[in-house]
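Reader: I've got a two-chain model open on my screen and I'd like to get my bearings. Could you walk me through it?

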Amino acid sequence: MNLQAIKAIYRFEMARFFRTLMQSLLSPVISTSLYFVVFGAAIGSRIDEVEGVTYGAFIVPGLIMLTVMTQATTNASFGIYFPKFIGTIYELLSAPANFFEITIGYVGAAATKAFIIGLIILGTAYFFVDLPIAHPLAMFVFLILTCLSFSLLGFIIGIWAGNFEQLQIIPLLVITPLVFLGGSFYSITMLPPVWQTISLFNPVVYLISGFRWAFFDTADVPVGISLLAITLFTALCVGFIAWIFRTGWRIRQ
Amino acid sequence: MPAILSIHDLVKTYDDGFEALKSVNLEIEQGEILALLGPNGAGKTTLISTICGITRPTSGTVTVGGHDIIADYRKARAMIGLVPQEISLEPFEKVINTVRFSRGLFGKPNDDAYLDDLLGQLSLADKKDQKIVTLSGGMKRRVLIAKALSHEPSVLFLDEPTAGVDVELRKDMWQIVERLREAGTTIILTTHYIEEAEAIADRVAVINKGEIILVEGKDDLIARMGQKELRIELHESVSELPPSLTDYDLQIGRDGQSLIYHYDTAEGRTGITRLLADLSEAGLHLRDIETKQSSLEEIFVGLVREPS
């Protein structure tokens, strides 16, 4: 195990995050605050409590998930795509490090960034709403697993992408719609029955539901299923990366 | 000296069927400087990329310090430093951070004393905390070398280190290579320039169309390269040589207004002075003279020219 290599990649990637600190932190904080103003204060004041929680507080877990998923995916995909784009990938390929070590470095850094941003949004939320956390440990477990799995997904996208357009297309066309339709801003029980059934095919529903359960002790789907879903998703990503590692797909000729 | 790098029957066929390397065999001795020469697309970069692990060999074996590059890749790669042809650097990172990154990536714990010394040797000491984007092209190339040397490799690959580099920087680069040789580093460099091979290499290998067609000591090659051509432009046309000039190895140019003289710079006397005096005595008036050295490319293209 080349621990030095993992450390080097992790530190290098975190340095990029801190170098662009304003951009990295300010933009999620501002957009989250805007959501609170628009959905929480303006619209939320006309919405009744959802499952016994004020609407402003109800949307917090979904908002955190929305940002964490997007940030984890874009950070990880950019992290590995950028060396491909500028050519510094030669160094990763010629280093005495295997693909898993490289993955741990990049995905670890992307997940850390997303985790920090998630905590900051949580902190920001306290300025706007009262927020109980019923199961703090579960909250952290869901948050960390989400950061990890979506960073893994982002890493795969970054390896797959041949240009900047492809790099953007999956977050834009797949992740954002799934997250918006995954119950970030509503409980799926508020939907007509047909859409409730359709929603159950959206993997993000399980993540948001589980995460919301950690805050308010109420969930759209049983929390065990949520945990299973995110574990499966993580395993799927790891499996795919293992396959990339074996075949050198899009990496080594 | 034992071989530090052994290449046996190395074949690389790309997915599209292009055979970039056709059974390459090459032994490189510890501490030597080998210049790998070849025209564009000859397979120089593919050979280096395959040894370094960037592309996978189709068949054949390569060992570095006795370690197989596939089975024992960690040990093999830890011994290698690679300076790529293209300047590929993270633009917004500081010089020292990118060098530290390389050292870590190659499995070595950070050692600022060593890295400071390395940057000093490459005249980068005062650029240490600068962002790479602010450096000149020459300085960026030095940063690439610093990165390649950051983990103290025993074998260094320099892929076209002086392509598109000005004369002064090229000389600097040669000095750097000379110092590395003194420190015992084995160096394999690819180049187009014969002067470069002449200035720094111990041996020269010529690669063309994926095959090593020649491996020769530098001195032997220089002897071959000694052939030069002197072209003398005349004011008037000549149809045949004046009798006083028939002893010279002279040819009349196609236009009849020039004479071509072949000579060897490796020999003590080139005969040029005497020839020019005899030309003037024969009543021929010179308009211009130019000398031309056969380029290495011409030599090895000549070597592999298929019989028509």
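**Starting from one phenylalanine**

Reader: Is A:Phe39 buried, partly exposed or exposed?
Author: This is a predicted model, so keep that in mind throughout. A residue needs 20 or more C-beta neighbours within 10 Å to be buried, and 12 or fewer to be exposed. A:Phe39 has 19 inside 10 Å, so A:Phe39 counts as partly exposed.

Reader: Which residues is A:Phe39 in contact with, once its neighbours within four places in sequence are left aside?
Author: Start with where A:Phe39 sits: helix 2 of chain A, residues 21-43. The C-alpha of A:Gly56, 17 residues away along the chain, is 7.1 Å from that of A:Phe39. With the neighbours within four places set aside, the contacts of A:Phe39 are A:Gly44, A:Ile59 and A:Phe185.

Reader: How many helices and how many strands are there in chain A?
Author: Reading along the sequence, you get the pattern α-α-α-α-α-α-α-α-α-α. The count for chain A is 10 helices and zero strands.

Reader: What radius of gyration does chain A have, and what would a compact globule have?
Author: The C-alpha atoms of chain A fill a box of roughly 60 × 35 × 35 Å along the principal axes. For 253 residues, a compact globule would come out near 18 Å. Chain A agrees with that, at 19 Å.

Reader: What share of the contacts in chain A between residues at least 6 apart join residues at least 24 apart?
Author: For background on the chain, 46% of its 253 residues count as buried. Now take the contacts in chain A between residues at least 6 apart in sequence: the share joining residues at least 24 apart is 81%.

Reader: How many residues of helix 6 of chain A are buried?
Author: Helix 6 of chain A runs over residues 136-160 and reaches 36 Å from its first C-alpha to its last, close to the 36 Å expected at 1.5 Å a residue. This helix of chain A is mostly covered. Out of 25 residues, the buried count is 18.

**Over to chain B**

Reader: Which are the edge strands of the open six-stranded sheet in chain B?
Author: The strand order in this open sheet of chain B is 6-7-8-3-9-10, with mixed pairing. On average, neighbouring strands of the sheet are turned by 15° against each other, direction ignored. An edge strand pairs on one side only, and here that goes for strand 6 (80-83) and strand 10 (211-217) of chain B.

Reader: What is the bridge partner of B:Leu34 in strand 8 of chain B?
Author: Strand 3 (residues 33-37) and strand 8 (residues 186-191) of chain B run parallel, joined by five bridges. Within strand 8 of chain B, the partner of B:Leu34 is B:Ile188.

Reader: Which strands does helix 6 of chain B touch as it packs on the sheet?
Author: Helix 5 (residues 137-149) of chain B packs on the sheet too, touching strand 6 and strand 7, with its direction at about 165° to that of strand 6 of chain B. For helix 6 (residues 167-182) of chain B, the angle with strand 8 of chain B is about 155°. The strands helix 6 of chain B touches are strand 3, strand 7 and strand 8.

Reader: How many buried residues does strand 14 of chain B have?
Author: Strand 14 of chain B pairs with strand 11 (residues 227-234) in the antiparallel sense, over seven bridges. One of the facing pairs puts B:Lys228 opposite B:Gln293 of strand 14. Strand 14 of chain B (residues 286-293) is hardly covered, and among its eight residues the buried count is zero.

Reader: What is phi for B:Ser123?
Author: Most residues other than glycine have a negative phi. B:Ser23, in strand 2 of chain B, has a positive phi of about 50°. B:Ser123 sits in the loop between helix 4 and helix 5 of chain B. Phi of B:Ser123 is also positive, near 55°.

**Where the chains meet**

Reader: Which element of chain B gives the most residues to the side that touches chain A?
Author: Across the interface, 27 residues of chain B are in contact with 22 residues of chain A. The elements of chain B giving two or more residues are helix 2 (73-78), strand 6 and helix 3 (95-105). By class, this side of chain B has 14 nonpolar, seven polar and six charged residues. The element that gives the most, with five residues, is helix 3 of chain B.

How values were computed
Residues numbered from 1 in each chain as written. Chains lettered and ligands numbered in written order. Predicted model: local features only at pLDDT ≥ 70, side-chain atom pairs only at ≥ 80, totals over all residues. Pairing = 2+ DSSP bridges. Helix = DSSP H or I, 4+ residues; strand = E, 2+ residues; numbered from the N terminus. Axes fitted to C-alpha atoms, helices over the stretch in contact; angles between N-to-C directions. Contact = placed C-beta atoms within 7 Å. Nonpolar A, V, L, I, M, F, W, Y, C, P; charged D, E, K, R; others polar. Expected span 1.5 Å × (residues − 1). Rg over C-alpha atoms; globule rule 2.2 N^0.38 Å.
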